[in-house]
Structures are given as structure tokens and as C-alpha cells.
Amino acid sequence: MGFGVFSQATNDRTRGHSLKLRQARFKLDIRKNFFPERVIEHWNGLPRELVESSSLKVFKLKLEVALSALVRLSRYVLCEVLSDDPRCRQCIEDRAVGLAVRDAIGRVHGDYGLACCSISFTVKYLNAYTGTVLLRCRKDSYRLLCSALPFVRYLESRAQRYPCALNTLHVGGTIRTCQKFLIQYNRRQLLMLLQNCTNEEERQCIRKSLLSCSLTEEQSQSGDEEDDDGTETD
């Protein structure tokens, strides 16, 4: 049965609700990013009592409760990559960081800890220039993840290993809280650089960076997204 851009799945599976949509397969990744394709997995994962609500009003109320609970299930760990080898920057990519973190978790906590942390674990953001890395994991396993990060000793790329370390900066329940902390952290670092400047030209460059940092912070604070109550900072 078709519903415009969506089509209902025709199978006799009893798991979940009975209004699941069919997930098509495509050769090109660009089609997977279309809105109708991205929402199917989330719709099919909704509980039966939510999808089979008696009215649209009841559905919206139940959906709001379900989404608020889903957001709180994740934790975001903000880190920075520290290395004396300048060649290490070329290894700061999703795959290399993810493999290094998983290897450290396996060495510290074994197969059980690795299995717990691997659920929903992903590298959400990284910046090879600044060495900033944002990791996401489940709320109930973020302590295992954080305790294993100091044991990351290198990043590997093209059969080459470059020594490094991961310094945990902040743990938050939303990306916004990590973004606000990173702005404040970078501002403190720039102030320290300003104190160590040797000439006026260096001071002017640092002042321009401080001004841009302040403007970014002001814009982020004007957002409507609420911060989580379970934020923890190292």
C-alpha cells in the first residue's frame, strides 16, 4: 500500500508496530540522505503504543515524551588529540580515531566493556587542524569510555603509527553544551597566549581571535535549545 513518497512494508513480522514503512536500497549514498529515507528507520523503531495512538493529539504527546527520553540516553565526550609529531594531524580522521578508541577500550575493559561501549558509539565531529574530537556513546557506558581514553597511545594510518594522547575536556548530554564549553576553553587558551606575546603584531592577532570567539559565544547563548541537567566536566 502506498502513501505518496512512502510505502508500507508488506511482511508478517510481529516485532514492533504494524505500520512499518519499507526501506528501499540504493546504489548511491546521496539518495540515503533524502528526508523520506532518513525518517523511515526512526518511524519503524517507534513503540507500538505510540504509533497506534487514538488521535493525533495523543500521538504528539507520547512522541514528545519518547524523544525527550531518547535524547537523555546519549553522552558526548569532547577530547583533544595531543602529539609532538606534526605528521599525526594527517591521521586525525573518523576511522583512525574510532579504531584507536575501540582498541583502548578492549585492552582496558575486555570484550564485555568493548561490547557495551560499541552500542551507539560514533565519532560525531573532528577537526584535524585543532585536534578537537567529539565522541558519542550511551549514557550508561560513558564512564567506561572515559576511563579508556588515557590509554590511547597512537593513531594508525597507511601502516604508520604516530604517538599521541587523548585529553578529555568535557562530558555533556547535548552537542550544544559541548560547543559552549569549547568556546570558553578556546577563549581561555587565547588569553594565555596573549599574556605570552612578545610584540604588538602578535597581540593584535590574538585580540582578533578573542573577538571572534566572543561573538560566537554570544550567538550560541541566544539559541533556544535547553541544556541537560547531567553535564559533567573534567
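Which side chains meet in a salt bridge at 2.9 Å, N to O? In this predicted model, the two partners are Asp103 and Arg107. Both belong to helix H5, where they stand four residues apart, so about one helical turn separates them. An α-helix has 3.6 residues a turn, so residues three or four places apart point the same way. Asp103 is partly exposed, with a relative accessible area of 35%, and Arg107 is likewise partly exposed, at 46%.

H5 runs over residues 94-118 and has 25 residues. A straight helix would reach 36 Å at 1.5 Å a residue, but the end C-alpha atoms of H5 are only 15 Å apart. Where does H5 have its kink? The kink is centred on His109 and amounts to about 130 degrees. Just after H5, Ser120 takes a positive phi of about 65 degrees.

H5 also has a set of buried residues: Ala96, Val97, Gly98, Ala100, Val101, Ala104, Ile105, Gly113 and Cys117. What do these residues pack against? Their partners include the strands E4 (122-127) and E5 (132-138). Helix H6 (142-148) is another partner, together with strand E6 (154-157) and strand E8 (165-172).

H7 has 21 residues and spans 31 Å from its first C-alpha to its last. That is close to the 30 Å expected at 1.5 Å a residue, whereas the ends of H5 fall short of the reach of a straight helix. The buried residues of H7 are Arg176, Thr177, Cys178, Lys180, Phe181, Leu182, Ile183, Tyr185 and Leu190. Two of the names in that list, Arg176 and Lys180, are an arginine and a lysine.

Arg138 counts as partly exposed at 27% relative accessibility, while Asp140 counts as exposed at 62%. Glu156 and Arg161 also form a salt bridge, with their closest N and O atoms 3.5 Å apart. Here Glu156 is partly exposed, at 39% relative accessibility, and Arg161 is exposed, at 52%.

Methods. Residues numbered from 1 in each chain as written. Predicted model: local features only at pLDDT ≥ 70, side-chain atom pairs only at ≥ 80, totals over all residues. Heavy atoms only, no water. Expected span 1.5 Å × (residues − 1). Buried < 20%, exposed > 50% of the residue type's maximum accessible area, 1.4 Å probe, protein only. Bend = angle between axes of the 7 residues up to and from the residue. Contact = heavy atoms within 4.5 Å. Salt bridge = Lys/Arg side-chain N within 4 Å of Asp/Glu carboxyl O.
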